Every structure is written in C-alpha cells, then in structure tokens.
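Please examine the fold and the pairing of the chains shown below. The report that follows describes them in turn.

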2 protein chains.
Amino acid sequence: MLKASPLAMVPFVSVDNMMRLVHHIGIETFLSDLAAEIEADFARWELFDKTPRIGSHSEVGVIELMPTSDGQHYAFKYVNGHPKNMKEGLQTVTAFGVLSDVYTGYPKLFCEMTLLTALRTGAMSAVATKHLARKDARTMAMIGNGAQSEFQCLAIKAVCGIDNIRLYDIDPAATRKCMANLQGLGFTITPCTTAQEAIEGADVITVATADKNAQTILTDNMVGAGVHINAIGGDCPGKTELHRDIVARSSVFVEYPAQTRIEGEIQQMPPDHPVTELWQVITGAAQGRSSAAEVTLFDGVGFAIEDFSALRYVQKTILQTPYYIDVDLIADPDDPRDLFGMLKRAG
Amino acid sequence: MLKASPLAMVPFVSVDNMMRLVHHIGIETFLSDLAAEIEADFARWELFDKTPRIGSHSEVGVIELMPTSDGQHYAFKYVNGHPKNMKEGLQTVTAFGVLSDVYTGYPKLFCEMTLLTALRTGAMSAVATKHLARKDARTMAMIGNGAQSEFQCLAIKAVCGIDNIRLYDIDPAATRKCMANLQGLGFTITPCTTAQEAIEGADVITVATADKNAQTILTDNMVGAGVHINAIGGDCPGKTELHRDIVARSSVFVEYPAQTRIEGEIQQMPPDHPVTELWQVITGAAQGRSSAAEVTLFDGVGFAIEDFSALRYVQKTILQTPYYIDVDLIADPDDPRDLFGMLKRAG
C-alpha cells in the first residue's frame, strides 16, 4: 500500500489478539483489574457525559450504540442483542468499540468487544456484589449457564473470593458446558436441576438468561432473606427475569436510572420506584446494604461507562505487546485541506 | 493467528483501499453512481428509521454517531468535526462507518469514511442541485476551497453537467490548491478574490466553509434572483454561513427537518420556518423550484441515510475486487454459548 502517515493509523485489537491479551495478563487478573477500572470510573461518575443507549429495534433483535465521554476520551460500543441467533449457530451478542481523543476527534483504538463485553459484564457484577453482598457471602447460584455464565463466576471469584458455585439452566447441556469450562479453575461446583435447588444456601444469586420476553426465572417465595441478586439478563424493553414481588421486596441498585427504567427489572415497577445509583454506594454518598437480612438487587443492564473503562484498560495494556495491528483508518493528507489531492495522486 | 470461522470475518476498507476503489471505478462515475444510490434511498425515505445524530460536544469540536436502518441493513457513521484541527495539521472531519445485517445484528462492512463522506457530500449536493437549480444552470460559485470543495465541483459536473466554476476562499492558498487539483479534469475555472466576485453570473452557489461560528459568508444583497444555493458548511449548532435575510428570501429544502433545525442555516429562523423535505421533491410529492426567479436553498447538514447509501454502494462495488481485507472482528465459537470455552482453549 501507499505509505500512510502515522496519524492515519489506528490500533486494532481483533478477537484473536484479545484472547492472547487476556491470557498474557491472566483471566482472573484481567477481570479484577477491569473491576478496579470500573470502580475508579464509577467514582468519578459525574464527570461523564451520559445518555441512554441508542437502539434500533427489529422483530428479532436490537442494534445499539452506547457512547460516553469523560471530556478527555470518548468511547462508544456497537452491540447487538439477537436471542434467536443462538439457535442459528450465531452469537446472541456481538460487539466492537472505539476509543477516541476528544481534543482531536481522532479514533485511537478500534477493538473487538464481544469477549470484552463478556469480561466487563462479569467485572461489573463483581463490583456490585463486592459493595452489596454480605461480607460473609461464600456461595453463588448461577442461573442461566449460557455464554455469560463463566465470566460471571470467574469475576466473582477474582473480586469477591466466592468460589462455591451452584449452576442451573433450563437446558442441562448448558450446565454441563459451564461446569466443564470452570473445571480446574479453583471452584467447587454443584450442578442443579431446578432454579429452586440452585439457590438453596446461596448468598448471591446471579441471573443471566437471554430470552427476549418477560420471564419469571425466580419467584418471590424462592428468595430468602439477606441474599444479593445480580439480574443481568433483562437488558431491553420487555425483557425481565424476576417476578415483580422480588423487585418490590428488594433494595434496588442501578447503573444509570434513565436507562434501567426502560430496560431493567424495574420496568415492571412504577416510574418513580426508588432506586440507588451504584456509583453513589462506591463513593460513600449513598448507603449500600443496610442489614444482614436485606435483599439487595443489582438491576444491571450494562452502561457505556463500563465499556469506556474496558476500552481504556485495553488501550493501556496493549502498549509494548504484539496484541494489536495498526490499520489505515484515517485519511491524513500532508495538507489537511488537500484531501482531494491525496486521492488524485493515488490514481 | 488461530483459525477464525468465516462468520468471524468482516470486510474492512482502509483509506488506501478506498482510494484504489475510487480510481478503479473512476471518480466521476463513482460520484454519479453514488448520487443515484442516494436518490434511490431518498425515494424510499419513509422506510428508514430516522433519528437526529447523537453528538458529544466539547469546546473544540464534536464527535457524532449517525445511525439509520431500512429494516434489512443498519448503518452508522462515526464522524468528528474539529475546525481547529486544520491549523494543527489534522483533518477537520474524519469518519468511519459500519454496515450491518438487521436480521443477525452482525457487522458486514467496516469502512473508512473520511474520503467516503467527502464523496457522498459532493454527491448529495449534486442531487439537490439536479432537482432544484434552473435546468439551464452552467456556472457554479464555490465559496470555501477547503477539503470538501473539489468533491463538490466534480460531483456537480458528473451529475448536472456544470463545468464552469468560480472559486473563492478567504485564504488564496486554498483557492490555488483547489484550482490545481481540478486542473485537467474538464473544468473552466475562474479564481476570484472576493465572494461577491465569485458569485457574479453564477447559477449555483455552493458554500462550504468550516469555521465553528455564525458567519455571514454571503449577505442578502449579493444573491440574485433564480440562483440555487447549497449551504453545506453550517452543520452544527451555532455554525451558519448565510445571512438570515437570504434564508428568509429563499425556498428552503432540507434532508431531515428535526436535525436541520438544530444544525442548519434555519437554526437562525423560528422553529416553524417552512421547509420542504428534499425526498418529497424527488418522489414528486412536493414541488421543487416553482419559477426561474425563485432562490432555492439546500440547507444541507448531512444525514445518516446518505451514509447508508454510500456504505451499501461500497459493499456492492468491493465484491470481486482486491480492495478490502477481512478482519477478525466477531467472536464466533463453534457452540454460540461457549464463548468462554473458545477463550479458554486459546490459552
């Protein structure tokens, strides 16, 4: 190719390089570092430009853009959600993202985010669990053993030290897959045949199912006092996982209320249902768990700042590694006004 | 790298490959084909999901995301606008975009759009001029001879047969650059030292300046009866190019009113200032020019459907060419629920 100027080049992290980067760092280290990045960015929440994600809905799914900026860096993620994809041999969720320099508007990182979203979603639940679960929590029920489940388990272990996992999925093959993947990673794993069985004795319940319908994976009488629930599968309008009585009985913690009221479990509740913003728990401005008997619910839908944290983390960690390539993404003529001249001379 | 599945791969068109593609097709053919694509998409305007672009503004510029969908394909463009960049040796506008399959949510094309935006912006003005200028128009004044100017001139020649060009820029070096670039491409070119001089005898006036301020590049007494004006440089809040008296005297045609009222010349006017949507002129649902004496104004700010058309055009034309590479953008495990297994096995 013609010699492109260094300004034209943007580092690109492919899926293959993301996998290499994760193994280079170590999965659990990656997850706990990422959780720390998210925590640090949540602690400066007010600095960020925040907007609900911009969705384009069809009958079979949604494609969303999730932008945010802290005034120095701008990030956005493209992410789709197509529950029917799985049956067709495709990913329910695929994603990629870009990190840019606010001062110049130039993109500075182009990155796969299918894996990175799974990693950051695990890290986010772990941050919520760290701040909201009882300190003596040792056992987690993982309801829904699909593509997100292992990331949830590994992040909760890395960040909260919870290594006793009870698995349940309506499809036993998913549970077998999850169990096999977690083998040898330091967990004690109990496969269960009902959701009720899985949550027996669990201090933390993480629910990550993918159907695009109002579901009641958990009903109220199943949930005992003192548990912390991460409900992360209900992430678009019309899609919920918990019976509303559980939501009503819980103290609800959210990322960004304007988005969660549209997409989260609280879409079942009145628009003024009380919620606490998780960033305020992290800074100490709001109370988290108030008693050992309280049921806390992290109604996680995924917010742009988490992707920002993840892209910043990748941008920092790929330096001095071979885990990216430079791609010629920006037209950069010698004279910035001479875009046409650059094109003409290439002829 | 590890063998990625074909589903994981997304065609990427770099700046270098875009330049090769344009020359392979021929610049004027590319511009007139692209104008035809835009016209065809404007003719089915009502099928598209439309939303004003989502901007993230800073003191020095803006970063925008521009999504749209026709129900089969989804496209978005990332574009920045940083007028101060030019003085720092950088592009005022850089862009890239993605085209996706609505049914699966999978990205199907990743494409540089700095060049492509310049090309589609030229093609768009040419479409507007074709439908709004007097049929006997032969001379265009090109006010603002920066990065966009040559694309405007070449598109208007390719689509409308206008090859008599009068150039003006506050910086004579820009005019010299534009003139040199257009040399040998079949134009009769007159460099001018004032805007007033440039528009003498012009049937079409295209204004494309980049300062992020309310400007009055043209005042009312300069503009004679019967001209068509393309005002394309005012494309964000606070940035205008025409004196409001010109706007008041013109019949105003716009892409998408909700966006143009925020970003276009009509931001100077009351929120109910009458405008005609250009797509309705193209379908025949609304009248374009009503008399030879009327002043018509295309208040162009650039809309997502034009980028959709451009990405679709590139997607079709790169087939059977070497002008793209496949990049490993999507994580595609054999079992879609086994994202973690794919990561684990890569270790």
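Residues 24 or more positions apart account for 71% of the contacts in chain A with a separation of 6 or more, a contact being heavy atoms within 4.5 Å. The model is predicted, so local features need pLDDT of at least 70 and side-chain atom pairs count only at pLDDT 80 or more, while totals for chains, interfaces and linings use all residues. Residues are numbered from 1 along each chain as its sequence is written, chains are lettered from A and ligands numbered from 1 in the order in which they are written, and side-chain values use heavy atoms, with hydrogens and water left out.

Chain A contains eleven helices and 17 strands; these are DSSP runs, with helices (H or I) of at least four residues and strands (E) of at least two. The radius of gyration of chain A is 21 Å, close to the 20 Å that the globule rule gives for 347 residues, so chain A is as compact as a globular protein of that length. This radius is taken over C-alpha atoms, and the rule is 2.2 Å times the number of residues to the power 0.38.

| Property of chain A | Value |
|---|---|
| Span of the C-alpha trace along its principal axes | about 70 × 45 × 40 Å |
| Buried share of the 347 residues | 63% |

Buried means under 20% relative accessible area (1.4 Å probe, protein chains only).

A rotation of 180° with 0.0 Å of shift along its axis superposes chain A on chain B, with an RMSD of 0.0 Å. That is the relation of a two-fold axis. The same surface serves both copies, as 100% of the contact residues of chain A recur in chain B. Copies are superposed by least squares on the C-alpha atoms of residues with pLDDT of at least 70 in both.

Notes:
Buried < 20%, exposed > 50% of the residue type's maximum accessible area, 1.4 Å probe, protein only.
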